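The entries below follow the order in which I checked things.

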Amino acid sequence: MLTTELNERLTRVGPGTPMGTLLRHYWYPVAATSELGPEPIQRRLLGEDIVLYRKGDEIGVIEAQCPHRRASMRYAIVEERGIRCGYHGWLYGMDGQCLEQPAEPASSTFKDRIKAVTYRAEELGGLIFVYMGKDPAPLLPRFDLFVWDNCLRDVGHALLPMNWLQVMENSVDPHHVEWLHGHYMNFVRGISGEQQAEVLMRKHEKIAFDVFDYGIIKRRVLEGMTEEDEDWKVGHPLVFPAMLRVGGGGHYQFQIRVPVDDTHTSHFWYDVYKPDGDYIVAPQESVPLFEVPIYDEKGDYLVDFVDGQDVMAWASQGEIADRSNEHLGKSDLGVIMLRRLFQEQLDQVEGGADPLGVVRDESINDCITLPQEKKKFGTGAGFRYEFLTMGQCRYSPIAQDVLKLFEEAEKSLAGGDAMHHDASV
Ligand code: FES
Ligand SMILES: [Fe+2]
């Protein structure tokens with residue numbers, strides 16, 4: 001349980017708030033590379049509306065409302081020298097400096113005193129990332145899944161109606177897997193006579209969490225398994241402050257929880273499909289983006305697949321979960337640890353230091369490798385099959401290509417982690 005004041009401190013993301021200041025030390029994806037063509041696009045990040053535009057090899061980011069009379073820069077003209085508001089033609093350079101005001105007298109120096117707010121953007125792995133913090137900007141971390149070759153990628157997306165922190169708390173809550181994705185899943189699938197998901201029902205005998213350079217590593221021992229299994233020995237990380245690394249059996253995933261504002265989270269499921277061994281995967285021209293449905297035709301949450309169930313749980317906690325009215329037990333160890341870590345990091349930022357995981361050292365940033373078990377839940381392939389056929393991945397335009405990739409890879413690799421078409425392995 002938290003006081004209302006501490007709940008506010010941990011959840012609010014707007015400019016000038018403590019958490020908003022901490023979160024502005026990191027880069028966030030706001031769009032797929034494929035979404036930004038010749039026309040500007042508008043997004044919301046950390047409670048601020050921004051417009052992105054492409055100018056040659058560079059991406060400009062400018063505040064969404066034109067400083068003149070607040071028309072949207074989404075409807076602007078992209079030019080050689082910058083971006084020109086569509087309403088009265090004020091032109092802004094990439095740094096936000098106003099360069100022209102066509103309707104003002106030719107001798108006017110008014111434009112010299114007008115500067116729009118601008119931010120930085122960089123592309124990596126098929127996504128466009130934005131940094132909204134102070135200079136000098138840290139490096140955009142080149143985490144392994146963004147830079148690997150010899151793999152397929154896709155990106156699922158959904159705009160979710162809740163605060164980002166309850167999404168992150170879920171990433172250090174292993175017990176929910178056997179209930180929400182196991183027993184509850186089987187209840188829901190049982191009603192419609194669908195296949196059960198026994199792979200996800202195994203009881204958690206033991207859980208543990210370790211803080212490391214980029215966040216918290218999560219470990220578990222499931223019923224019938226031991227500390228010798230990868231789920232304990234390797235585990236997988238919550239990447240501080242707003243990402244989860246998960247997957248199994250050649251399916252690797254970042255779940256990136258971008259705080260749009262206090263009550264909305266832009267959720268990216270960044271999937272990488274890379275069979276074990278040296279199986280050659282033909283390069284992709286671009287990384288496809290697809291929307292993940294979260295509601296059925298009646299407006300209820302879709303709860304017959306893992307990702308939909310997670311969304312339901314996060315949303316049903318409320319726009320901002322009321323942590324002054326909760327009852328944490330011993331099994332909430334990870335949630336308690338994450339909140340403590342955020343509090344420590346808030347203090348650190350208030351003391352003028354960088355928070356956890358900010359990367360400023362070029363020499364480590366070619367590829368930052370994060371740990372992830374391969375034989376997840378002792379299977380890997382069964383886990384992957386559940387996600388590819390029943391999870392959000394099935395909505396991907398390359399879903400069939402991915403299934404084919406693993407089938408062919410397994411045929412070519414003797415003794416590999418064989419595909420099980422029965423998810424109850
Ligand atoms: S509102 Fe943009 S130029 Fe007038
Ligand atoms: Fe979950």
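**Entry 1: Asn150 and its backbone**

I found Asn150 in the loop between α3 and β11. The model I am reading is a predicted one, and in it Asn150 has a positive phi of about 60° although it is not a glycine. I noted this down because most residues other than glycine have a negative phi. Is Asn150 buried or exposed? I counted 12 C-beta neighbours inside 10 Å for Asn150, and since 12 or fewer is the cut-off for exposed, Asn150 counts as exposed.

**Entry 2: Leu46, another positive phi**

I then looked at Leu46, which is found in the loop between β2 and β3 (48–55). Its phi is near 50°, again a positive value in a residue other than glycine. For the surroundings of Leu46 I wrote down 24 C-beta neighbours inside 10 Å, and Leu46 therefore counts as buried, the cut-off being 20 or more.

**Entry 3: cis peptide bonds**

Which peptide bond next to Pro136 did I mark as cis? I marked the bond from Asp135 to Pro136, with omega near -5°, and I placed Pro136 in the loop between β10 (127–131) and α3 (144–147). I also marked a cis bond that joins Phe240 and Pro241, where omega is about 5°. Pro241 has its place in the loop between β14 (236–239) and β15 (243–248). I kept both bonds in my notes because most peptide bonds are trans.

**Entry 4: how the chain is divided**

I read that the chain is divided into domain 1, covering 27–131, and domain 2, covering 144–412. Taken over C-alpha atoms, the centres of domain 1 and domain 2 are separated by 33 Å. I then asked how many residues of domain 1 are in contact with domain 2. There are 15 of them, and they are in contact with 14 residues of domain 2. On the side of domain 1 that touches domain 2, the elements that give two or more residues are β1 (27–32) and β2 (41–45), and β1 gives the most, with four residues. When I sorted the residues of that side by type, I got eight nonpolar, five polar and two charged.

Helix α10 runs over residues 399–412, which makes 14 residues, and reaches 20 Å from its first C-alpha to its last, close to the 20 Å expected at 1.5 Å a residue. I listed Val402, Leu405, Phe406 and Ala409 as its buried residues. Why do I put these residues on the same side of α10? They cover an arc of only 90° around the axis, and this places them on the same side of the helix. On the face of α10 turned away from its buried side I found the exposed residues Gln400, Lys404, Glu407 and Lys411. What covers the buried residues of α10 includes β11 (152–160), β17 (264–273) and α9 (381–390).

**Entry 5: α7, mostly covered**

For helix α7, residues 306–316, I noted that eight of its eleven residues are buried, so that the helix is mostly covered. Among the buried residues are Val306, Val311, Ala313 and Trp314, and also Asp307 and Asp310. The buried residues of α7 pack against β11, α4 (164–170), α5 (175–191), β17 and α9. Just after α7, I saw that Gly318 takes a positive phi of about 110°.

**Entry 6: residues brought together in space**

I looked up Arg339, whose place is in helix α8, residues 333–350. With 21 C-beta neighbours inside 10 Å, Arg339 counts as buried. Arg339 and Asn7 are 332 residues apart in sequence, and their C-alpha atoms are 9.8 Å apart in space. Leaving out residues up to four places away in sequence, Gly93 touches Arg81, Gly82 and Leu99.

**Entry 7: confidence**

Over residues 416–425, however, pLDDT stays under 50.

How values were computed. Residues numbered from 1 in each chain as written. Chains lettered and ligands numbered in written order. Predicted model: local features only at pLDDT ≥ 70, side-chain atom pairs only at ≥ 80, totals over all residues. Expected span 1.5 Å × (residues − 1). Arc of directions from axis to C-beta. Contact = placed C-beta atoms within 7 Å. Domains from an automatic or database assignment. Nonpolar A, V, L, I, M, F, W, Y, C, P; charged D, E, K, R; others polar. pLDDT = per-residue confidence, 0-100.
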